Amino acid sequence: MSIAWYLAVSAIVFALGALGVITRRNPLVVLLCLELMLNGANLALVAFSRMWGNGDGQILALVVMTVAACEVCIGLGMIVAIYRRRLPIDVDELRELQG
Amino acid sequence: MFPLLGTLVVAFGYRSLPGRSAGWIGTGTIFLAFLAAVGALLEIQGLAPAHRQVASSLWSYASTAGVDAQMSILVDPLSVFMILIVSGVSALIHLYSISYMDEDRGFARYFAYLNFFVFSMLLLVLAGNFLLLIVGWAFVGAASYLLISFWYRRTTATKAGIKAFVINVVGDAGLVLGTYFIFKHTGTLEFLRAFHAAGAGAFGHTPAGGPAGDGDLVAGCMLLLVGAFAKSAQIPLHTWLPDAMEGPTPVSALIHAATMVTAGVYLIARMHPLFELAPAAQDVGAIAGATTLLIAGTIGLAQTDIKRVIAYSTMSQIGYMIMGVSVGAYAAGLFHLMTHAFFKALLFMAAGSLIGAMAGEQSLDRMGGFRKAMPFTYGCFIVGGLALSGIPPFSGFFSKDDILLVTGERGGWHWGLYAAGYIGALLTAIYTFRMIFRAFHGAPVGEARELEQGHLHHAAVPTNPATGEEEDTDVGFPGPYHTIAERALPMRIAMGVLALGAIGAGLVQIPKVDFVIDDFLRPSFASSKLYEPHTRNGLLVSGLVLGTLLGLAGIAIAYRVWVARPGSAAVVRARLRPVYELFVNKWYFDEAIEKLVVRPAAAAGRFAQSTFERVFVQDTLIGGTTGLVRAGSAAVRAAQSGFVRYYAALLVLGVTGVGFYFLLQS
């Protein structure tokens with residue numbers, strides 16, 4: 001099977017994730033979409049790894065998963081903190097940092 | 001080297017210590033410096049006369065292409081002579097100050113400044129190259145500023161300090177530029193090498209092949225003269241000296257009479273190989289000296305502030321010295337420097353004692369009849385006054401006539417200077433004894449009567465003697481109690497030693513009897529053509545007689561006007577009203593400088609401020625920059641909307657854009 005199929009699926013997953021990040025306002029869903037993007041990238045990495053026949057891409061994919069786990073930890077922690085302070089669960093409302 | 005050691009000791013003494021110990025430490029270090037100077041004297045006397053110029057380099061300060069700036073000192077008879085005077089008189093004045101400043105809240109600060117001054121002055125006279133000379137020169141100016149403004153809460157004192165500093169900086173600039181002219185041709189900053197190069201024709205040759213001075217040398221020497229005039233208070237840069245009397249009286253005695261103001265005389269004497277190649281500069285110096293001695297003498301006749309009278313007298317006497325060293329009477333000029341240091345410091349100390357008895361009051365109009373109340377001060381005043389007026393056998397007699405004798409020997413138009421010198425001598429005697437008679441004779445004033453009954457007067461409310469403003473006695477103003485010599489042993493010792501000097505110092509060089517100073521200084525002036533023993537005996541005798549007669553005549557006039565017929569001063573004043581006005585207003589020098597220099601400079605400053613500063617710097621440079629940054633930041637700030645999704649979309653779009661760009665490129 002040619003690598004193009006793998007890459008096509010990876011691109012679609014990544015694009016869907018990006019679209020979700022841009023369009024959704026619920027931070028929980030935004031986080032999910034970010035995961036989607038990372039997994040799209042992982043898919044491409046593993047595909048390339050298979051194409052070259054060595055393990056470099058897979059190792060990188062493992063690293064990305066670790067980073068993703070950390071990111072989810074922090075992101076979910078922040079969402080819980082926002083919820084407990086009774087702030088709106090909406091990324092558009094949380095804009096105190098504007099210039 | 002001993003003097004270097006002494007200087008270092010002084011430098012280490014320059015620190016603030018609690019309590020009265022600062023005074024004793026200060027005095028002790030200066031005394032050690034004096035001992036070191038005596039050691040240097042003995043050492044240099046042990047050398048053969050031809051080898052008495054010892055240049056010693058401590059370390060190399062900066063050695064760049066063509067500039068040889070070293071920390072070098074030059075020990076020769078001239079500098080040893082100067083350090084003896086400086087350290088000796090300073091030690092006595094430090095001793096005097098321990099009593100005089102006793103009640104002042106700034107006691108330790110005072111001695112720190114005073115030690116710093118002595119250190120700078122020793123650096124100045126020991127400097128072996130132009131660089132170190134300039135450093136010492138500027139240090140001395142700074143020390144003078146600090147000490148004039150010592151009572152820093154007194155407005156008049158701070159103003160006087162600023163004036164002195166500004167005029168001294170004019171002199172510093174002259175000195176630096178003059179050094180540049182000399183360095184340009186000789187290529188060295190070391191004194192001895194520069195003189196050698198000048199002697200070898202660095203400034204061009206005469207038709208006969210000998211060394212000559214060209215325009216650059218004359219310009220350089222003129223600029224050096226500007227430096228000397230500013231430091232030595234010669235016309236037209238003299239106006240700071242009378243104002244400098246705002247400082248404490250021992251400071252006036254040390255800096256503004258005995259040592260610092262003679263730096264100009266030292267400079268001309270030190271630079272004599274250059275000045276002799278530039279006769280035009282010598283003539284300017286001689287004429288300025290003669291003018292100063294006359295003008296200052298006439299102003300001294302009309303002033304009423306006792307310290308200012310002595311200050312104008314100092315200017316006048318330094319006029320003699322400058323004239324002397326400019327016409328080639330180096331030994332005589334320096335001899336007068338020495339005797340003047342003794343009797344002028346003595347006069348100032350006695351005046352300080354008198355001011356103490358008057359509780360800070362300095363006006364002669366309010367003094368009178370202190371003769372019985374203060375016999376010791378009176379005696380010191382008489383000794384100083386006689387020495388200043390040139391009455392034999394007091395010291396001033398020999399030194400002043402020595403200068404005039406050499407001036408007369410030059411012949412030609414120097415006879416004009418000779419005559420000016422003798423007119424000045426008459427004026428000197430008159431104003432000196434006017435001061436003495438007004439302060440000590442006549443009906444005793446209240447303070448004198450109180451003192452006769454053993455009670456020293458203290459002002460109920462301390463005031464500024466110049467303006468009458470009320471003051472307190474905290475730090476920054478004079479202390480609450482004043483001291484007189486009759487009641488303070490250190491003051492008596494210092495004044496006694498100086499009085500002995502004023503009486504006896506003249507004996508070291510009596511015409512036709514001994515030539516101690518001449519012989520001692522000869523190695524320093526070995527290259528000078530003008531340094532010759534006196535030859536014209538007829539002139540010598542007539543000069544001595546004339547000097548004595550003029551001095552006595554001056555005293556007689558003063559006695560007649562101010563003692564025998566007390567009302568006659570007013571009559572003279574009324575008859576010569578315009579002349580009197582001229583003298584009282586100091587020949588309008590302050591006003592002239594104000595109009596000619598200060599106001600145009602201030603106007604130029606205001607113009608520059610309104611055009612360059614406001615329009616160019618503030619509006620264009622500063623305003624333009626801030627405007628630019630502000631506009632840029634406003635644009636960037638607008639992008640920071642806080643919408644996270646907006647940022648994400650921008651990011652995706654940007655990355656996609658970059659991706660497409662590279663795709664299209666490939």
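Guide: Two residues are in contact if their C-beta atoms, placed from the backbone, lie within 7 Å. With that cut-off in hand we can read this structure, which is a predicted model.

Visitor: What share of the contacts in chain B with a separation of 6 or more comes from residues 24 or more positions apart?

Guide: Such residues account for 79% of those contacts in chain B. As for the elements that make up the chain, its secondary structure comes to 26 helices and two strands, and buried residues make up 51% of its 666 residues.

Visitor: Which residues is H482(B) in contact with, leaving aside its neighbours within four places in sequence?

Guide: H482(B) is in contact with G356(B), A359(B) and G360(B), once those sequence neighbours are set aside.

Visitor: How do I read the packing of two helices, and at what angle do α11 and α14 of chain B pack?

Guide: The angle is taken between N-to-C directions, and values under 35 degrees count as roughly parallel, whereas those over 145 count as roughly antiparallel. Helix α11 (residues 263-270) and helix α14 (residues 306-327) of chain B pack at about 5°, with their axes 9 Å apart, and α11(B) and α14(B) are therefore roughly parallel to each other. The residues that make this contact include V265(B) and I268(B) of α11(B), together with I318(B) and I322(B) of α14(B); by class, the residues of the contact divide into seven nonpolar, two polar and no charged.

Visitor: Are α8(B) and α11(B) roughly parallel or roughly antiparallel to each other?

Guide: Helix α8 (residues 215-232) of chain B packs against α11(B) at an angle of about 155°, with the axes 7 Å apart, so that α8(B) and α11(B) are roughly antiparallel. Among the residues in this contact are L224(B) and F229(B) of α8(B), and L267(B) and I268(B) of α11(B). Here the division is seven nonpolar, three polar and one charged.

Visitor: What should I look for in a nonpolar core, and which residues touch the most other members of the largest one?

Guide: In soluble globular proteins, nonpolar side chains tend to be buried together. In the largest nonpolar core here, which has 200 residues, A345(B), L346(B) and M349(B) touch the most other members, and helix α15 (residues 330-357) of chain B gives the most to this core, with 20 residues. Apart from it lies another core, of eight residues, among them V21(A), V30(A), L31(A) and L38(A).

Visitor: How many residues does each chain bring to the contact between chain B and chain A?

Guide: The contact takes 10 residues from chain B and 10 residues from chain A. On the side of chain B, the largest share, five residues, comes from helix α26 (residues 644-665), and by class that side has five nonpolar, three polar and two charged residues.

Visitor: How can the length of a helix be read, and what does α6 of chain B reach from its first C-alpha to its last?

Guide: Its span can be set against the value expected at 1.5 Å a residue. Helix α6 (residues 155-186) of chain B, with 32 residues, reaches 46 Å, close to the 46 Å expected, and α6(B) is followed by G187(B), whose phi is positive, near 75°.

Conventions: Residues numbered from 1 in each chain as written. Chains lettered and ligands numbered in written order. Predicted model: local features only at pLDDT ≥ 70, side-chain atom pairs only at ≥ 80, totals over all residues. Helix = DSSP H or I, 4+ residues; strand = E, 2+ residues; numbered from the N terminus. Expected span 1.5 Å × (residues − 1). Buried ≥ 20, exposed ≤ 12 C-beta atoms within 10 Å, placed from the backbone. Nonpolar A, V, L, I, M, F, W, Y, C, P; charged D, E, K, R; others polar. Axes fitted to C-alpha atoms, helices over the stretch in contact; angles between N-to-C directions. Parallel < 35°, antiparallel > 145°, perpendicular 65-115°, else oblique. Core = buried A, V, L, I, M, F, W, Y, C linked by C-beta atoms within 7 Å.
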